[in-house]
Structure formats: C-alpha cells, structure tokens
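Here is a briefing on the structure shown below. Please look through the fold before reading the points.

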Amino acid sequence: QVQLVESGGGLVQAGGSLRLSCAASGSIFRLNAMGWYRQAPGKQRELVAVITSGGNTIHVDSVKGRFTISRDNAKNTVYLQMNSLKPEDTAVYYCNADLTSYSGSNYYTNDFWGQGTQVTVSS
C-alpha cells in the first residue's frame with residue numbers, strides 16, 4: 001500500500017514562513033510528477049505547484065515568488081517552502097504524487113493523495 005504523509009502545517013502570522021513535507025512510502029517503483037494542492041473552506045481544491053521527475057516546476061500566479069516546490073528523490077519526498085504568507089493562504093494543503101507502484105509482477109501508474117495538513121495564517 002502506497003502512502004503519502006504530509007507534515008509541517010500549523011499556525012503562523014502574516015509574513016511568516018512554513019515548510020511542508022510529503023513523504024511517499026510503500027511499493028513504489030518510480031515517482032513521477034508530484035504536486036501540492038490546497039482547499040479553503042467553501043472553496044474548490046486548487047493546484048498550488050507541480051514538480052516533474054526532471055525537476056521542472058510550475059507555480060500558480062497567486063503563490064509565484066513566495067512559494068517554492070522541491071523534491072528529494074533519495075527520500076521520496078516533496079517539499080513546499082512557503083514564505084511571505086498571507087491570510088488568503090489559509091487552507092488544508094494536500095500532497096499528490098503520480099507514481100508507478102507494483103504488486104507482484106503487476107505495475108501500474110496512479111495518482112495518490114496525502115491526508116492533508118492545515119495551514120492557518122493570522123492577520
């Protein structure tokens with residue numbers, strides 16, 4: 001069973017910083033693209049940033065210049081460094097991984113989601 005576990009969320013004042021981590025474990029053959037999404041109360045879940053297996057990144061305009069996605073392939077971990085946090089960044093942040101897993105002789109590629117971690121930014 002593949003699992004993604006997020007950590008690093010919490011309460012921070014506006015202008016502060018947090019670093020989120022997401023570690024993948026289980027029967028993983030290869031991690032492909034990984035990303036961060038967030039969902040605020042009453043809002044649709046939205047993409048925040050994506051990083052490919054080759055290290056190319058995409059950040060949505062609302063976080064560009066403030067957030068940075070990165071990965072450590074040796075640890076099967078993706079990070080989201082969040083600086084200059086604003087109250088509108090308050091949300092549950094979810095890790096997503098497109099990966100190839102295995103079961104016996106079977107290999108398959110799917111998206112997996114973490115449980116989410118709460119980020120609250122006070123004004």
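In what sense do β7 and β8 pair, and over how many bridges? The two strands pair in the antiparallel sense, over 6 bridges. The model is a predicted one.

**Overall fold**
- The protein has 11 strands and 0 helices.
- Its pattern along the sequence is β-β-β-β-β-β-β-β-β-β-β. The radius of gyration is 15 Å, close to the 14 Å that the globule rule gives for 123 residues, so the protein is as compact as a globular protein of that length.
- Along the principal axes, the C-alpha atoms fill a box of roughly 55 × 25 × 25 Å.
- Take the contacts between residues at least 6 apart in sequence: 56% of them join residues at least 24 apart.

**Burial, surface and charge**
- Of the 123 residues, 40% are buried.
- The protein exposes about 6600 Å², and carbon and sulfur atoms supply 46% of that area.
- There are 10 positive and 8 negative side chains. The centres of these two sets lie 3 Å apart.

- Strand β1 covers residues 3-7.
- Leu 4 and Glu 6 form its covered face. Gln 3, Val 5 and Ser 7 form the uncovered one.
- β1 pairs with β3 (residues 18-25) in the antiparallel sense, over 5 bridges.
- Within β3, Ser 21 stands opposite Ser 7.

**Strand β8 and its partners**
- Why can β8 be called largely enclosed by the rest of the structure? 5 of its 6 residues are buried, so the rest of the structure largely encloses it.
- β3 pairs with β8 in the antiparallel sense, over 6 bridges.
- β7 also pairs with β8 in the antiparallel sense, over 6 bridges.
- Met 82 of β8 takes part in both pairings: Leu 18 stands opposite Met 82, and Met 82 is the bridge partner of Phe 67.

**Cys 22 in β3**
- Cys 22 is found in strand β3.
- Is Cys 22 buried or exposed? Cys 22 counts as buried, because its relative accessibility is 0%, and the cut-off for buried is under 20%.
- Leu 4 and Glu 6 belong to the covered face of β1, while Val 5 belongs to the uncovered one.
- Val 2 is 20 residues from Cys 22 along the chain. The C-alpha atoms of the two are separated by 13 Å.

**Loop residues with positive phi**
- Most residues other than glycine have a negative phi.
- Asn 76 is not a glycine, yet has a positive phi of about 50°.
- Asn 76 sits in the loop between β7 (67-72) and β8 (77-82). The hairpin of these strands has 4 residues between them.
- Asn 76 counts as partly exposed, at 26% relative accessibility.
- Where is Ser 84 placed? Ser 84 lies in the loop between β8 and β9 (91-103).
- Ser 84 has a positive phi of about 50° although it is not a glycine.
- At 42% relative accessibility, Ser 84 counts as partly exposed.

Key: Residues are numbered from 1 along each chain as its sequence is written. This is a predicted model: local features need pLDDT of at least 70, side-chain atom pairs count only at pLDDT 80 or more; totals for chains, interfaces and linings use all residues. Side-chain values use heavy atoms; hydrogens and water are left out. The radius of gyration is taken over C-alpha atoms; the globule rule is 2.2 Å times the number of residues to the power 0.38. Buried means under 20% relative accessible area, exposed over 50%, partly exposed in between (1.4 Å probe, protein chains only). Contact means heavy atoms within 4.5 Å. Accessible areas come from the Shrake-Rupley method with a 1.4 Å probe; for residues, only the protein chains shown count as cover. Lys and Arg count as positive and Asp and Glu as negative; His and the chain ends are not counted. The place of a charge is taken as NZ of Lys, CZ of Arg, CG of Asp or CD of Glu. Two strands pair if DSSP finds at least two bridges between them.
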